[in-house]
Amino acid sequence: MKYPSFFCLFTALLMLNGCTSTQPLLDESLSNFNNVYEDGEATFVDGELQLISENNWFFSTKKVYDDFVLEAEVKMPDTSEYSNSGIIFRGQIVDTDKGKQIVGYQVDIDPSDRKWTGGFFDQARRKWLYPSHPTRSHPDEDFVTNYLGEWSKEQGEAYSHLTWNKVKIMCKGSDIKIFINDLLTTHVKDTKDRKGVIAFQHHGSKAYKEERDKSNIVRFRNITITPM
């Protein structure tokens, strides 16, 4: 009788100290997710979340998260069509004249020659916050600090195209870190949002829109979250 009592006490102490377990976000029914748009197709195939869409689209968690570590793997398609993805975190669902949309922090998955995978984008608001874009960067007083300086060649080469890439996002208060394949690519202090949904992006496919061609599918797997 002593051991169960001790175990319960130990578990309670862990909970009081803020220690929580890692939780998988994927299951066969995608029960942790909700499509707030009138677009896009999300399927669970062999343990993967596979996304295809006609337009720029985000597939969202039902739950709101504040402080957490999110980990996932992403594999971009082998296609000649434009292909881009990302993960929104602490996202806000807003009503617009085009219906519900998700805005907020985003780690970009950018297989283009620009090589900004792991950069910090603010979807539908301030746009590129790190690295800085010559015309599409609009930081405000909420973007307090960038700790890493100018975007480097090493950061740009952290992503490896047509293979599985590890993405890790760490949010603790206003401190935000992004890792690509274990390399720190973004470390900023930003106070815009304290909590929100997590959403996975497909940037849209003309081939899918016109011909229902699914060669531009974006794939995610091993998606877990550890609340802090």
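User: Which residues does Asp122 touch, leaving aside those up to four places away in sequence?

Analyst: Asp122 touches Gly104, Tyr105, Lys127 and Leu129. Keep in mind that this is a predicted model.

User: Which strand holds Asp122, and is Asp122 buried or exposed?

Analyst: Asp122 is found in strand β9. The relative accessibility of Asp122 is 0%, so Asp122 counts as buried. The side chain of Asp122 also has a polar partner: the side chain of Arg125, at 3.0 Å.

User: How do I read strand pairing here?

Analyst: Start with the general idea. Strands of a sheet pair through backbone hydrogen bonds, in a parallel or an antiparallel sense. Now the case. β8 (residues 99–109) and β9 (residues 120–123) are antiparallel and share four bridges. Tyr105 has Asp122 in β9 as its bridge partner. On to β10: three bridges join β9 and β10, again antiparallel. There, Phe120 is bridged to Tyr130 in β10.

User: What order do the strands of the open sheet follow, and which are the edge strands?

Analyst: The sheet has seven strands, in the order β2-β5-β15-β7-β8-β9-β10, with antiparallel pairing. Its edges are β2 (33–34) and β10 (127–130), each of which pairs on one side only.

User: How should I read backbone angles in the turns and loops?

Analyst: Look for exceptions to a rule. Most residues other than glycine have a negative phi, and most peptide bonds are trans. Here are some cases to inspect. The hairpin of β9 and β10 has three residues between the strands, and Ala124 in that hairpin takes a positive phi near 65°. Lys115 is not a glycine, yet has a positive phi of about 65°. Asn181 also has a positive phi, near 50°.

User: Where do Lys115 and Asn181 lie?

Analyst: Lys115 sits in the loop between β8 and β9. Its relative accessible area is 39%, so Lys115 is partly exposed. Asn181 belongs to the loop between β13 (175–180) and β14 (183–190). At 27% relative accessibility, Asn181 is likewise partly exposed.

User: Which residues does the cis peptide bond join?

Analyst: Tyr130 and Pro131, with omega about -5°. Pro131 lies in the loop between β10 and β11 (143–146).

User: How do I read a pocket?

Analyst: Think of a rolling probe. A probe the size of a water molecule, rolled over the atoms, shows where empty space is left. In this model, the largest pocket holds about 280 Å³. Its lining has 13 residues, with Tyr37, Asn56, Lys98, Lys100 and Gln101 nearest the centre. β8 gives the largest share of that lining, four residues. By class, the lining divides into four nonpolar, five polar and four charged residues.

User: What lines the second largest pocket?

Analyst: The second largest pocket has 14 lining residues; Asn56, Phe121, Gln123, Arg136 and His203 lie nearest its centre. Two or more residues come from each of β8, β9 and β10. The volume of this second pocket is about 230 Å³. Its lining has four nonpolar, six polar and four charged residues.

User: Why does Thr226 count as buried?

Analyst: The cut-off decides: buried means under 20% relative accessible area. Thr226 has 16% relative accessibility, so Thr226 counts as buried. Thr226 is placed in strand β16 (residues 218–227). Its side chain makes a polar contact of 2.7 Å with the side chain of Thr22.

How values were computed: Residues are numbered from 1 along each chain as its sequence is written. This is a predicted model: local features need pLDDT of at least 70, side-chain atom pairs count only at pLDDT 80 or more; totals for chains, interfaces and linings use all residues. Side-chain values use heavy atoms; hydrogens and water are left out. Two strands pair if DSSP finds at least two bridges between them. On a 1 Å grid over the protein atoms alone, a cavity is a set of points where a 1.4 Å probe fits but cannot get out, and a pocket is an open set with protein on both sides within 12 Å along at least five of seven lines; lining residues have an atom within 4 Å of a point. Grid points are joined across faces, edges and corners, and a volume is the space filled by probe spheres set on the points. Ala, Val, Leu, Ile, Met, Phe, Trp, Tyr, Cys and Pro count as nonpolar, Asp, Glu, Lys and Arg as charged, and the others, Gly among them, as polar. Buried means under 20% relative accessible area, exposed over 50%, partly exposed in between (1.4 Å probe, protein chains only). A polar contact is a pair of N or O atoms within 3.5 Å; within protein, one must be able to donate a hydrogen and the other to accept it, and residues adjacent in sequence count only if both atoms are side-chain atoms. Contact means heavy atoms within 4.5 Å.
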